[in-house]
Amino acid sequence: MENELKALMDKALKEINNCQTSSDIEAVRIRLLGKKGELTASLRSMKDLPEDQRPLFGKHVNEVRDALTQAIDKKAGELNRIEKERRLKAEAVDITMPGKKQMIGGLHPLTRIYYELRDIFVSMGFSVMDGPEIEYDKYSFEMLNIPKEHPARDMQDTFYITEDIVLRPHTSPVQIRTMLSQKPPIRMICPGRVYRSDDVDATHSPVFNQVEGLVVGHGITLANLKWTLDAVMKEFYGENTKTKFRPGHFPFTEPSAEVDATCAKCHGKGCGVCKGTGMIEVLGCGMVHPNVLLNCGIDPDEYTGFAFGMGLDRLATIKYGITDIRLLFENDIRFLSQFK
Ligand code: DAH
């Protein structure tokens, strides 16, 4: 029995020594020292010995177990250390390596233009209102003093969804919604996408973007309208920008005007963009028609107002000298990356 114990110990020490990984050594630990291990089996076989030899044998078994435990712990410690070093080496980061370049996008030119305009209006005390792109005919036309037989209602111009519902052809219905839900004083802009049944070419698109605005209050006059829009254009296109108000016609304003601003490309000298005139049309505007105020429950004897509307795409093409509006919608990265 003692010899067997000795043989077991020699064999075990060899096995321990041969272990290459921490899982090897844990397997050896279980095989030798576990409940069903070889050493436990030796301890159990003690009952076959004469009683007087048992204490000494038991002592030896315990010594062997202590020695093996120590040897296993030592080996396990070594292997763990080696494995940890290997892992750290494998996971090491070379901080001298060049980093990966992050691609950072830019704002779309239309978004930029809108943010610039919005900031100008907000700094003048305007708030920003939103409305649906699928809109009632009533808000898009009727309440804006555009009766049923008006040419702007032509099926050629407007996308009808049903008799009463259209894809809004301008953002003016947001003015109506605002006047229906708020009492004067009102000072708001309404930006958004609008739809008209136009064929696509260099200057037309069935979907484009507008920013309209509305001011309603006591004693609002044409002078307020002129000053406000002139100030906005100077802020937007540069302080040397001049504006010219020409008589115009819109059913929802009376009087109405169209506004030209100094051509941003040639600064008034005359070029291809402004067809040699030095000025370029930028917006439509006017004093809110009394019928429109009445339609929204606002007394035109007490309140007056002005309104204006501009095409964002047009402002962008003028500001950046873009000759084809389609570039704004095609999202060609080579085009867009110029605006970063
Ligand atoms: N709704 C007009 C359009 O789509 C633009 C416009 C002109 C809006 C004059 C206005 C305005 O509020 O007063 O062409």
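**The lining of the largest pocket**

Mentor: Strand β8 makes the greatest contribution to the lining of the largest pocket, supplying seven residues. Please bear in mind that the model is predicted. The pocket has a volume of about 1,500 Å³, and its lining consists of 49 residues. Nearest the centre of the pocket lie R196, F208, E281, G311 and R314.

Several elements share in this lining. At least two residues each come from the strands β5 (207-217), β6 (243-250), β7 (253-262), β8 (279-288) and β9 (304-311), and likewise from the helices α7 (172-181) and α10 (312-320). By class, the lining residues comprise 22 nonpolar, 18 polar and nine charged.

The second largest pocket may be set beside it. Its volume is about 190 Å³, and its lining is made up of M103, I104, G105, G106, L107, H108, I333, L336, S337 and K340. Five of these residues are nonpolar, four are polar and one is charged.

C285 is buried, with a relative accessibility of 2%. For C263, the closest cysteine sulfur belongs to C266 at 3.7 Å, which is also too far for a bond. C263 is buried as well, at 1% relative accessibility.

Definitions and conventions. Residues are numbered from 1 along each chain as its sequence is written. This is a predicted model: local features need pLDDT of at least 70, side-chain atom pairs count only at pLDDT 80 or more; totals for chains, interfaces and linings use all residues. Side-chain values use heavy atoms; hydrogens and water are left out. On a 1 Å grid over the protein atoms alone, a cavity is a set of points where a 1.4 Å probe fits but cannot get out, and a pocket is an open set with protein on both sides within 12 Å along at least five of seven lines; lining residues have an atom within 4 Å of a point. Grid points are joined across faces, edges and corners, and a volume is the space filled by probe spheres set on the points. Helices (H or I, at least four residues) and strands (E, at least two) are DSSP runs, numbered from the N terminus. Ala, Val, Leu, Ile, Met, Phe, Trp, Tyr, Cys and Pro count as nonpolar, Asp, Glu, Lys and Arg as charged, and the others, Gly among them, as polar. A disulfide is a pair of cysteine sulfur atoms within 2.5 Å. Buried means under 20% relative accessible area, exposed over 50%, partly exposed in between (1.4 Å probe, protein chains only).
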